[in-house]
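Opening the notebook on a new structure today.

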Amino acid sequence: MQVDGTEQRLRGLMLAALDGDANAYRALLSDLARYLRPWFTRRLSPAHASHAEDLVQETLLAVHARRMTYDRTRPFTAWLHAIAHHKFVDHVRRHAIRPTVPLDDDAPIFAVDDSAHAADRRDVDAVLSTVSPRTADLIRQTRIEGASVAEAAARHGMTETAAKVSIHRGLKALMGRFGGGGK
Amino acid sequence: MTETLISTLVQDLRPIRNRAMQTRLAGAVALGALITIPYAWLLLSLAIGRPFVPLWGEGMFWMKFGYALVLGLLGLSAVPALSRPDGHIRWPFVAAGLLTLVVFGLGMARWMTNNWAMPDLMGNSALVCPWLIGLTGLPMLAALLGAMRVLAPRSPAWAGLAAGLLAGGFGALAYALFCDENGMMFIAVWYGLGIGLTTALGALLGRWLLRW
């Protein structure tokens, strides 16, 4: 399972870093930045997506300054999740942002992070290149980057209904081509 | 930008000893206790004129002492967990509440058999007792909150509450050495209020000082 593998790897890096291993620490922080970025982006509305990088940095700083509070016998990802959650709630309150996900959403931090994998990203690019560029971009914005249909439509100067139809047709075409003929 | 930050943090890396947080908290408790010894004597003996008279031979002294000690230990057992971002612990507060109720019940029972005699409740020092307990607990509270500022409590108010309970219990314990009251009801009400005062102060200050 991906979650357990991630936990094991990150916890190993964290334990080495606590003992002073700078290379492990650099690997850990880079990994965390890569995982946290989409995690925060998903929780912010597209209008506030630019805050994600600030939140990543605030979280890394907190991980660094308060790493003494990590209990070596407990899961690392739970500790990290608690810090990221704390920073997110704090940030949202300070900036009076409306979060897009309920705050008590305790979905595991790493479970859905497929966008970080370059191979998957290439596959998505390859698949989307088989429909028209505009449809591909609409699908990308609404289904992968988390924009609403209205925003994606506005960016292409089309009505919401037209965008919906375009996305629907595009996805249907892709299903027909790559769905394996199952349904 | 984030890459620069990571490089800076990596350069700043220092090894962290196992159980470093517990060591830090234990140091704060020791520091608080060390300051309290001269402080309590200055405050209670010199300023207020209370002689240092621990009544070792009296059961009621040990009642006071034990009550304060147990409440302080309950606070102590909650502080480390509540200082972590993913920490969660409630039983020490439940136990502290139950213990207070039990002591209050015992006090009422004894007071009733004594025909509700007012001295049982008021003693000679009822109106200063809670305030003096609160004052006696201040050094411990300050030492604890100071040490906890670099930690990462999930809820600053709850962490402050635990620190306040520890400091209140310890303050009452030190105060008991200068106190000649021996009514059970007196202890239940006025010691309880004094410790409660410090606990509430801890929560208020924690909410503000322990934010991160």
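**Before starting.** I'm reminding myself that this is a predicted model.

**Chain contact.** I looked up the contact between the chains first. On the chain B side I find 21 residues, and they touch 27 residues of chain A. Which elements of chain B give two or more residues to that side? I get helix H1 (2-11) and helix H2 (20-47) of chain B. H1(B) supplies the largest share, 5 residues. I also sorted the chain B side by class: 14 residues are nonpolar, 3 are polar and 4 are charged.

**H2 and H4 of chain A.** I then checked how helix H2 (residues 22-43) of chain A packs against helix H4 (residues 76-95) of chain A: the angle is about 45° and the axes are 12 Å apart. I'm noting H2(A) as oblique to H4(A) because of that angle. The crossing comes out right-handed. From H2(A), I list A:Leu32, A:Leu36, A:Trp39, A:Phe40 and A:Arg43, which meet A:Leu80, A:Ala84 and A:Phe88 of H4(A). By class that contact has 7 nonpolar residues, no polar ones and 1 charged.

**A:Thr77.** Is A:Thr77 buried or exposed? I count it as buried, because it has 23 C-beta neighbours inside 10 Å, and the cut-off for buried is 20 or more. I also looked up A:Thr77 against A:Asp4: the two are 73 residues apart in sequence, yet their C-alpha atoms are 9.7 Å apart in space.

**H4 and H8 of chain B.** Last, I went over to chain B for helix H4 (residues 91-113) and helix H8 (residues 184-209). Their axes come within 7 Å and cross at roughly 145°. I have this crossing down as left-handed. On the H4(B) side, the contact residues are B:Thr100, B:Val103, B:Phe104, B:Leu106, B:Gly107, B:Met108, B:Arg110 and B:Trp111. H8(B) answers with B:Met184, B:Met185, B:Ile187, B:Ala188 and B:Gly192. Sorted by class, I get 9 nonpolar, 3 polar and 1 charged for the contact of H4(B) with H8(B).

Terms used: Residues numbered from 1 in each chain as written. Chains lettered and ligands numbered in written order. Predicted model: local features only at pLDDT ≥ 70, side-chain atom pairs only at ≥ 80, totals over all residues. Contact = placed C-beta atoms within 7 Å. Helix = DSSP H or I, 4+ residues; strand = E, 2+ residues; numbered from the N terminus. Nonpolar A, V, L, I, M, F, W, Y, C, P; charged D, E, K, R; others polar. Axes fitted to C-alpha atoms, helices over the stretch in contact; angles between N-to-C directions. Parallel < 35°, antiparallel > 145°, perpendicular 65-115°, else oblique. Left-handed = near helix turned anticlockwise from the far one by under 90°. Buried ≥ 20, exposed ≤ 12 C-beta atoms within 10 Å, placed from the backbone.
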